[in-house]
Amino acid sequence: ITILVEPQELQSVYNEVIVVLDSDKRNELKFQYVVDININGVFSSRLKVQSNPQGFGVVNLSRHLQTAISSDIPDLSEVEVFNTIPNSYTDYSVTLSEEYVIESDYNLVVSDGGNAKFTTTATHGYIVGEGVNVTGVINTEYDGFQTIIAVDSPTTFTTSKVYGATSAGNVRLSADVPTITEDVAAIFSEVKYVCNNVSSFIDVIDWNHEDYLLVAGTTKAFLTNLPTTYYSRLDENITMNIRNDVNDVAAFLKVVTNLGTYYFENQHPVTLDSTKLLSVKVGAGDFVLDGVDEPASSSFPMFNDASESYTVQTVGRDYTTVSSEIRTFIIDRDCTKHENVKLIYLNNGGSFSPFNFAGANEKAVKVKKRNYQKNYGAYDSTAVTYGHNSYDTGTTRFSTDVKESWKLNSTWLPESVGNLIEDLIISPQVFKVLSNGNLQAVEVITSSVKIKKLSTKKLISYSLNIENATNNSTQK
């Protein structure tokens, strides 16, 4: 088997993960490629793939790897800026085999206790108990079906047929049963990884894993879909992921504000299987004194009333050698008379972004009741009477579902923020940030929205409908 195309070292699990195979046995009877998928070194599933019209095996591993990937919901109370995300990526490999009807030539038949013992010109792969069909080219006395009763070597086997004379011919399993043969030499050139980001149909064409491989002295990209310049409130929580594949190239997150330069230490600077990808907290509300490497940093606080923006970038152990691009966050100080509803969602970059709805928001409660009719009245054996009380009820509730929902409205937004509304709507994981900092899972009910542009609209705002992902309990 020859691997013509293998996946990139790191790819999205939700886009195609393609392997293209070729084999010099592809014209054999009942030929198929057999692909065993191993996740974290453990067998997961098997695929059997026939050749396409050009004769190649084209295998998409994506759906078979997706079961091993989820996400890592950020802990808003965690003070460390760099955090492991074990559920957001995994390593995998494949074991390649080929399946076809093996036909072996034999050139000698001898007696083995009175039975016919065949010698093949190549390894036959048969086992005791299998049935074979024999076709002779010198004589035909062994032609037809017989059962293998002994296998002495990879090139000899004895059958239930009585020995008569030597012969030559060919033999294959009865009913043309195919045999699976592993090709131990057909392996990937390197360990492969998939992660929980996803690219659009257009963007996936040019997606290159090396763009995210942090290297000293380079400005490689963060794994996120946020624009290079974005917005953050002072209490905001935002994460971006990095590819931590080289030791100490991301030893610190360097944060620069109008008050100084701050270095937040990476507690996982050495690349291991468990630290290949890391989550980095980059929201203004994520930076707390407990997480800073104070000797090299300016004094706290990091922000004051004059702070307009800040930048983030990963650097090496010397505090100066950069390894990532610079990201700029403009501090959002917009005030509103309404209560701000903050949502945090899994973006298509595989990290978590906020979206604020600080306009007039409406809450609704939907109650679904299920009742049954209960017989009322009882016999009083003391008074020898039958009757009922004024508080007895016939209609009795046996279950109540309470679903809370909200109609959310944003204030006027910059275009770069408003463009991400589509990402929020399609996200599989959305959480409402509660007043105590906990996260509550919600479902976005809105299924379509018109993306507004400043070129056609002077101001941009959005409305969204959400509901709790779980029902509230009630008394019975």
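Q: Which residues does Ser353 touch, not counting residues up to four places away in sequence?

A: Before the case itself, note that this is a predicted model, in which local features need pLDDT of at least 70, side-chain atom pairs count only at pLDDT 80 or more, and totals for chains, interfaces and linings use all residues. Residues are numbered from 1 along each chain as its sequence is written, and side-chain values use heavy atoms, with hydrogens and water left out. Contact means heavy atoms within 4.5 Å. With residues up to four places away in sequence set aside, Ser353 touches Asn225, Leu226, Leu343, Ile344, Tyr345 and Asn347.

Q: With which side chain does the side chain of Ser353 make a polar contact?

A: A polar contact is a pair of N or O atoms within 3.5 Å; within protein, one must be able to donate a hydrogen and the other to accept it, and residues adjacent in sequence count only if both atoms are side-chain atoms. Here the partner is the side chain of Asn347, at 2.6 Å. Ser353 itself belongs to strand 25 (residues 352-357), where helices (H or I, at least four residues) and strands (E, at least two) are DSSP runs numbered from the N terminus.

Q: Is Ser353 buried or exposed?

A: Buried means under 20% relative accessible area, exposed over 50%, and partly exposed in between (1.4 Å probe, protein chains only). Ser353 has a relative accessible area of 0% and is therefore buried. Ile205, at 61% relative accessibility, counts as exposed; Ile205 lies in the loop between strand 16 (192-195) and strand 17 (229-232).

Q: Which residues form a nonpolar patch on the surface?

A: Patches are made of residues with over 30% relative accessible area and no salt bridge; like charges are joined within 9 Å, and nonpolar side chains (Val, Leu, Ile, Met, Phe, Trp, Tyr) within 5 Å. Accessible areas come from the Shrake-Rupley method with a 1.4 Å probe, and for residues only the protein chains shown count as cover. In this model Phe201, Ile202, Val204 and Ile205 form such a patch, with about 460 Å² of accessible area together.

Q: How many salt bridges does the structure hold?

A: A salt bridge is a side-chain nitrogen of Lys or Arg within 4 Å of a carboxyl oxygen of Asp or Glu. The structure holds 18 of them. One of these joins Arg233 to Asp332, with the closest N and O atoms 3.6 Å apart. This pair links distant parts of the chain, 99 residues apart: Arg233 is in the loop between strand 17 and strand 18 (239-243), and Asp332 in the loop between strand 23 (327-331) and strand 24 (341-346). Arg233 is buried at 12%, whereas Asp332 is partly exposed at 21%.

Q: Which residues are joined with Lys276 into one network?

A: The side chains of Lys276 and Asp245 meet in a salt bridge of 2.7 Å, N to O. Salt bridges that share partners join Glu9, Arg243, Asp245 and Lys276 into one network. Both Lys276 and Asp245 are buried.

Q: What radius of gyration does the protein chain have, and what would a compact globule have?

A: The radius of gyration is taken over C-alpha atoms, and the globule rule is 2.2 Å times the number of residues to the power 0.38. The protein chain has 34 Å, while a compact globule of 476 residues would have a value near 23 Å. The C-alpha trace spans about 100 × 95 × 45 Å along its principal axes.
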